[in-house]
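Subject: Structure handover

Hi,

Here is the structure I promised to pass on.

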Amino acid sequence: MTTAPARPVDPYPTRGAEEALVYRKEPVVWSEPGTPGPFWPRELEEYERNGFFAVDALVTPDEVTELRAELDRLVTDPRVREDERAIVEPRSREIRSVFEVHRISEVFARLAADPRLVDRARQILGSDVYVHQSRINVKPGFGASGFYWHSDFETWHAEDGLPLMRAVSVSIALTPNFTTNGSLMIMPGSHRTFLGCAGETPEDNYKRSLRMQDAGTPSRKALATFAEACGIEHFTGAAGSAVWFDCNALHGSGDNITPFPRSNVFLVFNSVENAPERPFAAPVRRPSFIAARDTTPSAEPSPPSPPHSLPKGRT
């Protein structure tokens with residue numbers, strides 16, 4: 001009987017008995033200085049320093065109109081609501097997020113393959129990239145709930161098996177993002193330190209965490225320490241604006257109790273050299289519509305798979 005080789009010591013331990021603080025071991029910007037790309041050197045320097053960089057107009061007003069119409073179509077399609085990729089609000093039962101939108105929709109597939117996004121991701125990560133995750137986040141007015149403070153890498157490492165901090169996210173506003181309607185908050189500089197959370201990961205944790213976080217949530221004491229050291233900045237901007245942020249940056253967003261909806265499309269690009277392994281701190285890996293298994297480099301968009309074509313319970 002053969003046994004699997006022992007795994008090396010995890011450089012980013014998490015989900016143990018106590019929280020753990022570990023200084024980041026990888027670069028923030030992986031490309032060599034002077035590598036050509038859409039980002040100017042000073043912009044990459046700001047991204048490296050703060051862990052994020054905002055772009056005022058990443059997509060045009062006409063593109064925003066098309067993307068917003070597609071978002072509205074998806075969240076009102078009964079087939080999408082019935083699909084496992086749709087996450088609903090725990091109280092109102094309205095759609096909160098739809099995952100794998102670049103597989104469901106031709107419009108979002110084109111966006112995920114757009115050189116304005118892919119080339120920036122390649123410039124940050126210093127390699128070819130693929131879409132690790134895509135989703136639309138919808139916060140209608142009058143009570144849509146927020147997303148509590150967290151580091152994406154903590155979850156992607158623990159539950160998806162990403163070994164290194166070599167992923168970047170971009171959130172593109174499809175409606176105006178104000179400080180008052182649940183905009184994204186980031187702690188600048190927090191990406192330099194990994195915060196391993198306390199507590200084991202329940203099986204099928206994703207079914208609960210996508211609606212209400214529990215496992216992978218930092219303590220109030222740790223968050224207060226980071227906030228005191230780093231401060232907190234809001235991402236606000238007109239529809240079409242965007243923010244790129246590092247996978248380890250602590251971020252979250254508040255509830256939207258205003259009348260003004262806040263909707264964004266969110267894409268995660270991971271380096272093809274950072275392929276997922278088995279989870280570092282979870283009994284099973286999350287479904288592929290949340291954490292892609294296919295690491296084929298981003299190029300032309302793949303044919304979409306309509307919501308009704310997927311069997312329920314796919315993993």
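A quick definition to begin: contact here means heavy atoms within 4.5 Å. Helices (H or I, at least four residues) and strands (E, at least two) are DSSP runs, numbered from the N terminus. Axes are lines fitted to C-alpha atoms, for helices over the stretch in contact, and angles run from 0 to 180 degrees between N-to-C directions.

Some background: this is a predicted model, where local features need pLDDT of at least 70 and side-chain atom pairs count only at pLDDT 80 or more, while totals for chains, interfaces and linings use all residues. Residues are numbered from 1 along each chain as its sequence is written, and side-chain values use heavy atoms, with hydrogens and water left out.

Now the fold. The protein chain has nine helices and 13 strands. Seven strands form an open sheet in the order β2-β11-β7-β13-β5-β4-β3, with antiparallel pairing (two strands pair if DSSP finds at least two bridges between them). At the edges sit β2 (52–55) and β3, each pairing on one side only. From one strand to the next, the twist averages 15°. Inside the sheet, β7 (residues 167–173) and β11 (residues 242–246) pair over five antiparallel bridges, and I172 has A242 in β11 as its bridge partner. Helix α6 (residues 115–125) lies across β5 (129–139), β7, β11 and β13 (262–271), and runs at about 45° to β13.

V88 is buried, at 7% relative accessible area; buried means under 20%, exposed over 50%, and partly exposed in between (1.4 Å probe, protein chains only). Buried residues make up 53% of the 315 in the protein chain.

On to the charges. There are 16 salt bridges, each a side-chain nitrogen of Lys or Arg within 4 Å of a carboxyl oxygen of Asp or Glu. One of them joins R15 and E159 (3.0 Å, N to O). R15 is in the segment before β1 (20–23) and E159 is in helix α7 (residues 152–160), so this pair ties together parts 144 residues apart in sequence. Both R15 and E159 are buried.

Being three residues apart in α6, D119 and R122 are separated by about one helical turn. D119 is partly exposed at 31%, and R122 is partly exposed at 27%. Elsewhere, E70, R73, D77 and R79 are linked in a salt-bridge network.

Cheers
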